[in-house]
Amino acid sequence: MTAEPLSAEPLPADRVPADSLPAEPLSAEPLSAEPLSAEPLSTEPAPEPPSVTEPAPAADRDPADRYADPKTDPNTDREAARAEARVARRNQLTRAAQWFAGIEGDPYGLLLRAGPDDPARHEEHVRERGPLYHSAPLDTWVTAHRAVAEQVLTDPAFDGTGPDGTPVGQDDLPCRSDLLALDRATAARLAPLTALGGPLLWAQEENCVAQRAATYARRLLDGCGEHFDLAEDFARRLPGPVLAEQLSLPDAAHEEFARLLPDCRHALDGLVCPQPYATARATRAAEAAVAALLARHLADAGEDTVRAAGVLAVSAAETTTVLIVETVRRLRARTGAWERLTADPARAAEAVRETLRTSPPVRLEARTTRDETTLAGTVLPAGARVVVLLAAAGRDPAAPAGAAPLGLAPDLHFALSAPLITVMATAALRTLAETLPHLREAGEPVTRPRSPVLLAPARFPVAKRESTPCAS
(Lines give C-alpha, C1' and ligand atoms only; values in the text may rest on other atoms or scores of the structure.)
Protein backbone atom coordinates (compact mmCIF):
# COMPACT_ATOMS: atom_id res chain seq x y z
CA MET A 1 0.00 0.00 0.00
CA THR A 2 1.31 3.45 -0.88
CA ALA A 3 0.10 6.60 0.82
CA GLU A 4 0.34 9.80 -1.22
CA PRO A 5 -0.19 12.80 1.06
CA LEU A 6 -2.37 15.65 -0.11
CA SER A 7 -0.13 18.55 -1.12
CA ALA A 8 -2.55 21.32 -0.28
CA GLU A 9 -0.25 23.78 1.45
CA PRO A 10 0.08 27.11 -0.37
CA LEU A 11 3.36 27.57 -2.13
CA PRO A 12 5.56 30.60 -1.63
CA ALA A 13 4.47 31.78 -5.08
CA ASP A 14 1.00 32.34 -3.65
CA ARG A 15 2.41 34.51 -0.91
CA VAL A 16 4.56 36.87 -2.93
CA PRO A 17 2.86 40.14 -3.94
CA ALA A 18 1.77 40.12 -7.55
CA ASP A 19 4.02 43.03 -8.49
CA SER A 20 7.08 41.06 -7.36
CA LEU A 21 6.45 37.84 -9.30
CA PRO A 22 8.96 36.99 -12.06
CA ALA A 23 8.44 38.83 -15.31
CA GLU A 24 9.39 35.95 -17.59
CA PRO A 25 6.45 34.28 -19.40
CA LEU A 26 5.17 31.20 -17.64
CA SER A 27 4.83 29.34 -20.91
CA ALA A 28 8.55 28.67 -20.80
CA GLU A 29 7.83 26.06 -18.11
CA PRO A 30 6.62 22.61 -19.25
CA LEU A 31 2.97 21.80 -18.69
CA SER A 32 2.31 25.23 -17.19
CA ALA A 33 -1.28 25.14 -18.36
CA GLU A 34 -2.10 21.72 -16.95
CA PRO A 35 -4.00 21.31 -13.70
CA LEU A 36 -2.04 19.85 -10.81
CA SER A 37 -4.92 18.02 -9.23
CA ALA A 38 -4.76 14.87 -11.35
CA GLU A 39 -2.83 13.00 -8.68
CA PRO A 40 -5.29 10.91 -6.63
CA LEU A 41 -5.87 11.96 -3.07
CA SER A 42 -4.50 9.73 -0.36
CA THR A 43 -6.65 7.74 1.99
CA GLU A 44 -3.81 7.82 4.48
CA PRO A 45 -3.21 10.69 6.87
CA ALA A 46 -0.40 12.96 5.75
CA PRO A 47 2.83 12.22 7.65
CA GLU A 48 4.18 14.80 10.02
CA PRO A 49 7.03 16.83 8.52
CA PRO A 50 10.46 15.62 9.58
CA SER A 51 11.82 17.18 12.73
CA VAL A 52 14.54 19.67 11.84
CA THR A 53 16.42 22.37 13.65
CA GLU A 54 15.28 25.16 11.34
CA PRO A 55 13.08 27.57 13.34
CA ALA A 56 9.54 28.09 12.14
CA PRO A 57 8.81 31.60 10.82
CA ALA A 58 6.99 33.94 13.15
CA ALA A 59 3.25 34.09 12.51
CA ASP A 60 3.25 37.85 12.01
CA ARG A 61 6.26 37.92 9.69
CA ASP A 62 5.77 39.12 6.13
CA PRO A 63 5.29 35.86 4.14
CA ALA A 64 7.33 37.26 1.27
CA ASP A 65 10.31 37.51 3.60
CA ARG A 66 9.95 34.15 5.36
CA TYR A 67 13.08 32.70 3.71
CA ALA A 68 15.24 35.79 4.05
CA ASP A 69 17.58 37.01 6.75
CA PRO A 70 15.81 39.96 8.39
CA LYS A 71 19.14 41.76 8.68
CA THR A 72 19.62 41.87 4.92
CA ASP A 73 18.42 44.49 2.49
CA PRO A 74 14.61 44.29 1.85
CA ASN A 75 15.17 44.09 -1.89
CA THR A 76 17.40 41.06 -1.35
CA ASP A 77 14.69 39.52 0.83
CA ARG A 78 12.13 39.99 -1.91
CA GLU A 79 14.42 38.55 -4.58
CA ALA A 80 15.10 35.50 -2.40
CA ALA A 81 11.36 35.00 -1.96
CA ARG A 82 10.81 35.23 -5.72
CA ALA A 83 13.58 32.69 -6.37
CA GLU A 84 12.11 30.33 -3.79
CA ALA A 85 8.68 30.75 -5.38
CA ARG A 86 10.04 29.80 -8.80
CA VAL A 87 11.69 26.68 -7.39
CA ALA A 88 8.46 25.69 -5.62
CA ARG A 89 6.44 26.10 -8.80
CA ARG A 90 9.01 24.20 -10.86
CA ASN A 91 8.92 21.42 -8.28
CA GLN A 92 5.16 21.12 -8.74
CA LEU A 93 5.32 21.24 -12.54
CA THR A 94 8.03 18.58 -12.71
CA ARG A 95 5.88 16.27 -10.63
CA ALA A 96 2.89 17.02 -12.86
CA ALA A 97 4.93 16.09 -15.94
CA GLN A 98 5.80 12.74 -14.38
CA TRP A 99 2.20 12.09 -13.43
CA PHE A 100 0.83 12.87 -16.89
CA ALA A 101 3.53 10.74 -18.53
CA GLY A 102 2.08 7.85 -16.55
CA ILE A 103 -1.43 8.74 -17.69
CA GLU A 104 -0.17 8.43 -21.28
CA GLY A 105 1.02 4.89 -20.51
CA ASP A 106 4.73 5.66 -20.41
CA PRO A 107 6.27 2.92 -18.21
CA TYR A 108 8.99 5.20 -16.86
CA GLY A 109 6.37 7.79 -15.93
CA LEU A 110 4.41 5.06 -14.16
CA LEU A 111 7.53 4.13 -12.19
CA LEU A 112 8.06 7.72 -11.11
CA ARG A 113 4.42 8.03 -10.05
CA ALA A 114 5.23 5.35 -7.45
CA GLY A 115 1.65 4.19 -7.18
CA PRO A 116 0.30 1.16 -5.32
CA ASP A 117 0.92 -1.27 -8.19
CA ASP A 118 4.01 -3.49 -8.42
CA PRO A 119 6.85 -1.53 -10.06
CA ALA A 120 8.30 -4.76 -11.46
CA ARG A 121 5.47 -4.82 -14.00
CA HIS A 122 6.47 -1.41 -15.39
CA GLU A 123 10.16 -2.35 -15.29
CA GLU A 124 9.42 -5.39 -17.45
CA HIS A 125 7.48 -3.20 -19.89
CA VAL A 126 10.66 -1.14 -20.29
CA ARG A 127 12.66 -4.33 -20.93
CA GLU A 128 10.18 -5.43 -23.60
CA ARG A 129 10.88 -2.21 -25.52
CA GLY A 130 14.51 -3.17 -26.13
CA PRO A 131 17.90 -2.46 -24.59
CA LEU A 132 17.32 1.31 -24.55
CA TYR A 133 13.85 2.81 -24.30
CA HIS A 134 13.15 6.50 -24.89
CA SER A 135 10.54 7.97 -22.58
CA ALA A 136 9.38 10.70 -24.93
CA PRO A 137 7.16 12.59 -22.44
CA LEU A 138 10.09 12.93 -20.00
CA ASP A 139 12.89 12.96 -22.62
CA THR A 140 14.78 10.25 -20.74
CA TRP A 141 16.52 7.11 -21.99
CA VAL A 142 15.80 4.08 -19.80
CA THR A 143 17.33 0.61 -19.70
CA ALA A 144 16.46 -2.62 -17.90
CA HIS A 145 19.27 -4.62 -19.54
CA ARG A 146 22.24 -5.70 -17.48
CA ALA A 147 24.95 -5.07 -20.09
CA VAL A 148 23.68 -1.59 -20.89
CA ALA A 149 23.32 -0.80 -17.20
CA GLU A 150 26.92 -1.78 -16.53
CA GLN A 151 28.14 0.49 -19.33
CA VAL A 152 26.22 3.46 -17.96
CA LEU A 153 27.53 2.90 -14.43
CA THR A 154 31.18 2.46 -15.45
CA ASP A 155 31.74 4.44 -18.66
CA PRO A 156 33.24 7.91 -18.02
CA ALA A 157 30.90 9.29 -20.68
CA PHE A 158 28.08 9.02 -18.10
CA ASP A 159 29.81 10.99 -15.40
CA GLY A 160 26.85 12.63 -13.69
CA THR A 161 27.35 16.12 -15.12
CA GLY A 162 25.41 17.88 -17.81
CA PRO A 163 26.60 19.49 -21.05
CA ASP A 164 29.45 21.97 -20.64
CA GLY A 165 30.11 20.58 -17.18
CA THR A 166 26.85 21.71 -15.58
CA PRO A 167 27.22 20.72 -11.92
CA VAL A 168 25.17 17.86 -10.57
CA GLY A 169 22.00 19.17 -8.95
CA GLN A 170 21.75 22.27 -11.16
CA ASP A 171 19.47 20.65 -13.71
CA ASP A 172 15.72 20.60 -14.27
CA LEU A 173 14.97 18.68 -11.06
CA PRO A 174 14.53 21.17 -8.21
CA CYS A 175 15.30 20.68 -4.53
CA ARG A 176 18.10 18.20 -5.04
CA SER A 177 20.31 16.99 -2.20
CA ASP A 178 23.39 19.18 -1.74
CA LEU A 179 25.41 16.44 -0.02
CA LEU A 180 24.73 13.92 -2.80
CA ALA A 181 25.54 16.36 -5.61
CA LEU A 182 28.95 14.99 -6.57
CA ASP A 183 30.42 13.71 -9.80
CA ARG A 184 32.50 10.61 -10.37
CA ALA A 185 35.84 12.35 -10.05
CA THR A 186 34.85 13.73 -6.66
CA ALA A 187 33.47 10.37 -5.54
CA ALA A 188 36.70 8.64 -6.58
CA ARG A 189 38.70 11.17 -4.58
CA LEU A 190 36.54 10.82 -1.47
CA ALA A 191 36.00 7.04 -1.50
CA PRO A 192 39.39 6.09 0.04
CA LEU A 193 38.53 8.28 3.03
CA THR A 194 35.56 6.05 3.90
CA ALA A 195 37.30 2.71 3.37
CA LEU A 196 37.57 0.40 6.36
CA GLY A 197 40.99 0.97 7.87
CA GLY A 198 41.11 4.40 6.23
CA PRO A 199 41.47 7.80 7.87
CA LEU A 200 37.77 8.38 8.64
CA LEU A 201 36.14 5.19 9.90
CA TRP A 202 36.93 3.78 13.32
CA ALA A 203 36.69 0.07 12.42
CA GLN A 204 39.52 -1.70 10.65
CA GLU A 205 37.44 -4.56 9.22
CA GLU A 206 33.85 -5.53 8.43
CA ASN A 207 33.55 -7.91 11.36
CA CYS A 208 34.13 -5.07 13.80
CA VAL A 209 31.35 -2.99 12.21
CA ALA A 210 29.05 -6.02 12.25
CA GLN A 211 29.65 -6.63 15.94
CA ARG A 212 28.98 -3.02 16.87
CA ALA A 213 25.86 -2.90 14.66
CA ALA A 214 24.57 -6.08 16.30
CA THR A 215 25.11 -4.54 19.74
CA TYR A 216 23.07 -1.48 18.85
CA ALA A 217 20.43 -3.68 17.16
CA ARG A 218 19.93 -5.73 20.34
CA ARG A 219 19.60 -2.56 22.40
CA LEU A 220 16.92 -1.23 20.08
CA LEU A 221 14.98 -4.51 20.10
CA ASP A 222 15.16 -4.69 23.90
CA GLY A 223 13.47 -1.29 24.02
CA CYS A 224 10.65 -2.27 21.65
CA GLY A 225 7.37 -3.55 23.00
CA GLU A 226 5.52 -6.68 21.95
CA HIS A 227 4.23 -4.80 18.91
CA PHE A 228 6.47 -2.30 17.13
CA ASP A 229 7.21 -0.77 13.75
CA LEU A 230 10.12 -2.57 12.14
CA ALA A 231 10.82 0.42 9.89
CA GLU A 232 10.48 3.37 12.25
CA ASP A 233 11.32 1.84 15.64
CA PHE A 234 14.20 -0.37 14.52
CA ALA A 235 15.59 -0.14 10.98
CA ARG A 236 15.48 3.67 10.77
CA ARG A 237 17.01 4.13 14.23
CA LEU A 238 19.93 1.73 13.75
CA PRO A 239 22.24 3.55 11.27
CA GLY A 240 22.54 6.76 13.32
CA PRO A 241 24.39 5.40 16.37
CA VAL A 242 26.43 2.96 14.28
CA LEU A 243 27.61 5.69 11.91
CA ALA A 244 28.21 8.19 14.72
CA GLU A 245 30.55 5.70 16.36
CA GLN A 246 32.30 4.79 13.11
CA LEU A 247 32.85 8.48 12.32
CA SER A 248 34.39 8.93 15.79
CA LEU A 249 31.98 11.68 16.74
CA PRO A 250 32.16 12.64 20.42
CA ASP A 251 29.61 10.95 22.67
CA ALA A 252 27.84 14.28 23.25
CA ALA A 253 27.08 14.53 19.51
CA HIS A 254 25.68 11.00 19.05
CA GLU A 255 22.12 11.80 20.08
CA GLU A 256 21.83 14.88 17.86
CA PHE A 257 23.36 13.06 14.88
CA ALA A 258 21.06 10.06 15.30
CA ARG A 259 18.05 12.40 15.57
CA LEU A 260 18.90 14.44 12.46
CA LEU A 261 19.86 11.61 10.11
CA PRO A 262 16.37 10.09 9.62
CA ASP A 263 15.13 13.53 8.57
CA CYS A 264 17.31 13.19 5.46
CA ARG A 265 15.34 10.12 4.35
CA HIS A 266 13.88 11.79 1.23
CA ALA A 267 17.25 12.78 -0.29
CA LEU A 268 17.71 9.80 -2.61
CA ASP A 269 14.13 9.80 -3.90
CA GLY A 270 14.45 13.54 -4.48
CA LEU A 271 17.19 12.90 -7.04
CA VAL A 272 14.55 11.90 -9.61
CA CYS A 273 11.14 12.59 -8.03
CA PRO A 274 10.24 16.04 -6.67
CA GLN A 275 9.05 15.73 -3.09
CA PRO A 276 6.22 17.85 -1.63
CA TYR A 277 7.70 21.30 -1.23
CA ALA A 278 7.53 21.38 2.57
CA THR A 279 9.23 17.98 2.66
CA ALA A 280 11.95 19.13 0.26
CA ARG A 281 12.72 22.21 2.36
CA ALA A 282 12.74 20.17 5.57
CA THR A 283 15.13 17.66 4.00
CA ARG A 284 17.48 20.43 2.90
CA ALA A 285 17.42 21.90 6.41
CA ALA A 286 18.15 18.51 7.96
CA GLU A 287 21.04 17.92 5.55
CA ALA A 288 22.46 21.34 6.38
CA ALA A 289 22.24 20.52 10.09
CA VAL A 290 24.03 17.18 9.57
CA ALA A 291 26.76 18.90 7.52
CA ALA A 292 27.18 21.58 10.20
CA LEU A 293 27.44 18.99 12.97
CA LEU A 294 30.09 17.06 11.05
CA ALA A 295 32.00 20.25 10.29
CA ARG A 296 32.07 21.16 13.98
CA HIS A 297 33.52 17.83 15.05
CA LEU A 298 35.63 16.75 12.05
CA ALA A 299 36.97 20.07 10.78
CA ASP A 300 40.51 19.29 11.91
CA ALA A 301 40.56 16.31 9.56
CA GLY A 302 40.07 18.52 6.49
CA GLU A 303 37.33 19.65 4.14
CA ASP A 304 37.32 16.46 2.07
CA THR A 305 36.93 14.33 5.19
CA VAL A 306 33.94 16.38 6.35
CA ARG A 307 32.30 16.09 2.94
CA ALA A 308 33.00 12.36 2.71
CA ALA A 309 31.39 11.86 6.12
CA GLY A 310 28.27 13.72 5.00
CA VAL A 311 27.93 11.78 1.75
CA LEU A 312 28.47 8.50 3.60
CA ALA A 313 25.90 9.29 6.28
CA VAL A 314 23.09 10.54 4.05
CA SER A 315 23.50 7.88 1.36
CA ALA A 316 23.80 5.04 3.88
CA ALA A 317 21.10 5.75 6.46
CA GLU A 318 17.81 5.35 4.59
CA THR A 319 19.27 2.82 2.17
CA THR A 320 20.19 0.56 5.09
CA THR A 321 16.68 0.97 6.49
CA VAL A 322 15.08 -0.10 3.21
CA LEU A 323 17.46 -3.03 2.76
CA ILE A 324 16.67 -4.39 6.24
CA VAL A 325 12.90 -4.11 5.90
CA GLU A 326 12.77 -5.40 2.32
CA THR A 327 14.87 -8.45 3.19
CA VAL A 328 12.59 -9.29 6.14
CA ARG A 329 9.52 -8.77 3.95
CA ARG A 330 10.85 -11.07 1.24
CA LEU A 331 11.79 -13.80 3.72
CA ARG A 332 8.43 -13.64 5.47
CA ALA A 333 6.61 -13.81 2.13
CA ARG A 334 8.27 -17.08 1.07
CA THR A 335 7.12 -20.25 2.79
CA GLY A 336 9.76 -21.51 5.20
CA ALA A 337 12.36 -18.85 4.32
CA TRP A 338 12.23 -17.02 7.66
CA GLU A 339 12.35 -20.33 9.54
CA ARG A 340 15.43 -21.42 7.59
CA LEU A 341 17.14 -18.15 8.53
CA THR A 342 16.29 -18.45 12.22
CA ALA A 343 17.60 -22.02 12.22
CA ASP A 344 20.87 -20.76 10.72
CA PRO A 345 21.33 -16.97 11.24
CA ALA A 346 24.63 -17.12 9.36
CA ARG A 347 22.48 -17.18 6.20
CA ALA A 348 21.73 -13.48 6.73
CA ALA A 349 24.51 -12.45 4.34
CA GLU A 350 23.06 -14.67 1.59
CA ALA A 351 19.58 -13.22 2.14
CA VAL A 352 20.84 -9.64 1.92
CA ARG A 353 22.78 -10.43 -1.24
CA GLU A 354 19.68 -11.91 -2.87
CA THR A 355 17.67 -8.79 -2.00
CA LEU A 356 20.39 -6.60 -3.52
CA ARG A 357 20.16 -8.67 -6.71
CA THR A 358 16.39 -8.90 -7.30
CA SER A 359 14.72 -6.26 -5.11
CA PRO A 360 17.44 -3.77 -4.19
CA PRO A 361 16.93 -0.77 -1.90
CA VAL A 362 17.88 1.51 -4.80
CA ARG A 363 15.76 0.58 -7.81
CA LEU A 364 16.93 3.20 -10.28
CA GLU A 365 19.88 5.51 -10.90
CA ALA A 366 20.00 8.52 -13.22
CA ARG A 367 23.09 9.67 -15.13
CA THR A 368 23.75 12.37 -17.72
CA THR A 369 26.04 12.35 -20.75
CA ARG A 370 28.71 15.05 -20.88
CA ASP A 371 29.45 14.61 -24.59
CA GLU A 372 27.79 12.88 -27.52
CA THR A 373 28.09 9.13 -27.00
CA THR A 374 26.68 5.85 -28.31
CA LEU A 375 24.71 3.52 -26.06
CA ALA A 376 23.09 0.26 -27.23
CA GLY A 377 23.49 1.39 -30.84
CA THR A 378 21.81 4.75 -30.24
CA VAL A 379 23.70 8.04 -30.52
CA LEU A 380 22.88 10.20 -27.50
CA PRO A 381 23.58 13.93 -27.51
CA ALA A 382 25.46 15.73 -24.78
CA GLY A 383 23.20 16.33 -21.80
CA ALA A 384 21.01 13.28 -22.43
CA ARG A 385 19.47 11.83 -19.28
CA VAL A 386 19.84 8.05 -18.90
CA VAL A 387 18.16 6.01 -16.17
CA VAL A 388 19.24 2.51 -15.15
CA LEU A 389 16.53 0.31 -13.63
CA LEU A 390 18.77 -1.56 -11.19
CA ALA A 391 16.11 -3.97 -9.95
CA ALA A 392 15.17 -4.96 -13.49
CA ALA A 393 18.82 -5.23 -14.59
CA GLY A 394 19.43 -7.53 -11.63
CA ARG A 395 16.66 -9.82 -12.87
CA ASP A 396 17.86 -9.76 -16.49
CA PRO A 397 17.72 -13.35 -17.77
CA ALA A 398 20.62 -12.53 -20.08
CA ALA A 399 22.89 -11.61 -17.16
CA PRO A 400 25.90 -13.90 -16.60
CA ALA A 401 25.41 -16.57 -13.95
CA GLY A 402 26.71 -15.44 -10.59
CA ALA A 403 26.96 -11.79 -11.64
CA ALA A 404 27.43 -9.40 -8.72
CA PRO A 405 24.33 -7.53 -7.54
CA LEU A 406 23.75 -4.08 -9.02
CA GLY A 407 21.64 -2.88 -6.09
CA LEU A 408 24.20 -0.30 -4.99
CA ALA A 409 25.79 1.44 -7.97
CA PRO A 410 29.60 1.38 -7.86
CA ASP A 411 30.01 5.09 -8.62
CA LEU A 412 28.99 8.39 -7.01
CA HIS A 413 27.70 8.30 -3.42
CA PHE A 414 27.54 4.52 -3.03
CA ALA A 415 31.23 4.29 -3.87
CA LEU A 416 31.61 5.67 -0.33
CA SER A 417 28.83 3.91 1.55
CA ALA A 418 28.01 0.54 -0.07
CA PRO A 419 30.22 -1.64 2.19
CA LEU A 420 28.78 -0.16 5.38
CA ILE A 421 25.20 -0.47 4.11
CA THR A 422 25.66 -4.18 3.43
CA VAL A 423 27.40 -4.85 6.74
CA MET A 424 24.81 -2.98 8.84
CA ALA A 425 21.88 -4.64 7.09
CA THR A 426 23.40 -8.11 7.44
CA ALA A 427 24.13 -7.58 11.14
CA ALA A 428 20.61 -6.28 11.73
CA LEU A 429 19.00 -9.24 9.94
CA ARG A 430 21.12 -11.75 11.81
CA THR A 431 20.25 -10.11 15.13
CA LEU A 432 16.54 -10.21 14.29
CA ALA A 433 16.78 -13.90 13.43
CA GLU A 434 18.65 -14.70 16.65
CA THR A 435 16.56 -12.50 18.95
CA LEU A 436 13.06 -12.72 17.46
CA PRO A 437 12.70 -16.09 15.72
CA HIS A 438 8.90 -15.83 15.92
CA LEU A 439 8.66 -12.35 14.42
CA ARG A 440 5.44 -11.86 12.44
CA GLU A 441 3.57 -9.14 10.59
CA ALA A 442 1.02 -7.32 12.73
CA GLY A 443 -0.61 -5.00 10.22
CA GLU A 444 -0.52 -3.81 6.63
CA PRO A 445 2.83 -2.34 5.52
CA VAL A 446 2.67 1.13 3.95
CA THR A 447 5.16 2.42 1.36
CA ARG A 448 6.16 6.05 1.56
CA PRO A 449 4.63 8.20 -1.20
CA ARG A 450 6.86 9.63 -3.92
CA SER A 451 9.52 6.99 -3.32
CA PRO A 452 10.25 5.47 -6.75
CA VAL A 453 13.97 5.12 -6.02
CA LEU A 454 13.76 3.37 -2.64
CA LEU A 455 10.15 2.16 -2.31
CA ALA A 456 10.84 3.15 1.28
CA PRO A 457 8.61 1.82 4.06
CA ALA A 458 6.48 4.39 5.84
CA ARG A 459 5.55 1.71 8.36
CA PHE A 460 5.94 -2.03 8.75
CA PRO A 461 4.04 -3.24 11.86
CA VAL A 462 5.35 -6.44 13.45
CA ALA A 463 4.94 -8.47 16.64
CA LYS A 464 7.64 -10.34 18.50
CA ARG A 465 5.69 -13.58 18.79
CA GLU A 466 3.37 -15.61 16.59
CA SER A 467 0.51 -14.99 18.99
CA THR A 468 0.02 -13.20 22.28
CA PRO A 469 -1.30 -15.49 25.04
CA CYS A 470 -4.70 -14.55 26.40
CA ALA A 471 -4.84 -13.44 30.01
CA SER A 472 -6.24 -16.15 32.29
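Ser-315 is buried, with a relative accessible area of 0%, where buried means under 20% relative accessible area, exposed over 50% and partly exposed in between, for a 1.4 Å probe and protein chains only. The model is predicted, so that local features need pLDDT of at least 70 and side-chain atom pairs count only at pLDDT 80 or more, while totals for chains, interfaces and linings use all residues. Residues are numbered from 1 along each chain as its sequence is written, and side-chain values use heavy atoms, with hydrogens and water left out.

**The chain as a whole**

- The chain holds 16 helices and 11 strands, these being DSSP runs numbered from the N terminus (H or I over at least four residues for helices, E over at least two for strands).
- Of the 472 residues in the chain, 53% are buried.
- Among the contacts in the chain with a separation of 6 or more, 74% are accounted for by residues 24 or more positions apart, a contact being defined as heavy atoms within 4.5 Å.

- Helix α12 covers residues 303-333, which is 31 residues, and reaches 45 Å from its first C-alpha to its last, close to the 45 Å expected at 1.5 Å a residue; the expected span is 1.5 Å times one less than the number of residues.
- At Ala-316, α12 bends by about 25°, the bend being the angle between axes fitted to the seven residues ending at that position and the seven starting there.
- Because 25 of its 31 residues are buried, α12 is largely enclosed by the rest of the structure.
- Ser-315 has its place in helix α12 and, with residues up to four places away in sequence not counted, touches Leu-180, Leu-268, His-413, Phe-414, Ser-417 and Ile-421.

**Packing of α7 against α9**

- Two packed helices are described by the angle between their axes and the distance between the axes.
- The axes of helix α7 (residues 206-223) and helix α9 (residues 239-246) come within 9 Å and cross at roughly 140°, where axes are lines fitted to C-alpha atoms, for helices over the stretch in contact, and angles run from 0 to 180 degrees between N-to-C directions.
- That angle makes α7 oblique to α9, since angles under 35 degrees count as roughly parallel, over 145 as roughly antiparallel, 65 to 115 as roughly perpendicular and the rest as oblique.
- The crossing in which α7 passes α9 is right-handed; the near helix is turned clockwise from the far one in a right-handed crossing, and anticlockwise by less than a right angle in a left-handed one.
- On the α7 side, Val-209, Arg-212, Ala-213 and Tyr-216 meet Pro-241, Val-242, Glu-245 and Gln-246 in α9.

**Packing of α9 against α10**

- Helix α10 (residues 251-260) packs with α9 at an angle of about 135°, and the two axes are 8 Å apart; α9 and α10 are therefore oblique to each other.
- The contact is made by Gly-240, Pro-241, Leu-243, Ala-244 and Glu-245 of α9 and by His-254, Phe-257 and Ala-258 of α10, and α9 passes α10 in a right-handed crossing.
- Arg-259 is found in helix α10 and counts as partly exposed at 40% relative accessibility.
- The C-alpha atoms of Arg-259 and Pro-241 are separated by 9.5 Å, and the two residues are 18 apart along the chain.
- Ser-248 lies in the loop between α9 and α10, where its 46% relative accessibility places it as partly exposed.
- Ser-248 and Leu-201 are 47 residues apart in sequence, with 7.2 Å from C-alpha to C-alpha.

**Thr-435 in helix α16**

- Thr-435 has its place in helix α16, residues 414-435, and is partly exposed, with a relative accessible area of 32%.
- Not counting residues up to four places away in sequence, Thr-435 touches Arg-218 and Leu-221.
- Lys-464 is 29 residues from Thr-435 along the chain, and their C-alpha atoms are separated by 9.2 Å.

**Positive phi in loops**

- Asp-139, a residue other than glycine, has a positive phi near 45°; its place is in the loop between β1 (133-135) and β2 (140-143), and at 52% relative accessibility Asp-139 counts as exposed.
- Arg-450 has a positive phi of about 55° although it is not a glycine; Arg-450 lies in the loop between β9 (446-447) and β10 (457-459), and counts as buried at 8% relative accessibility.
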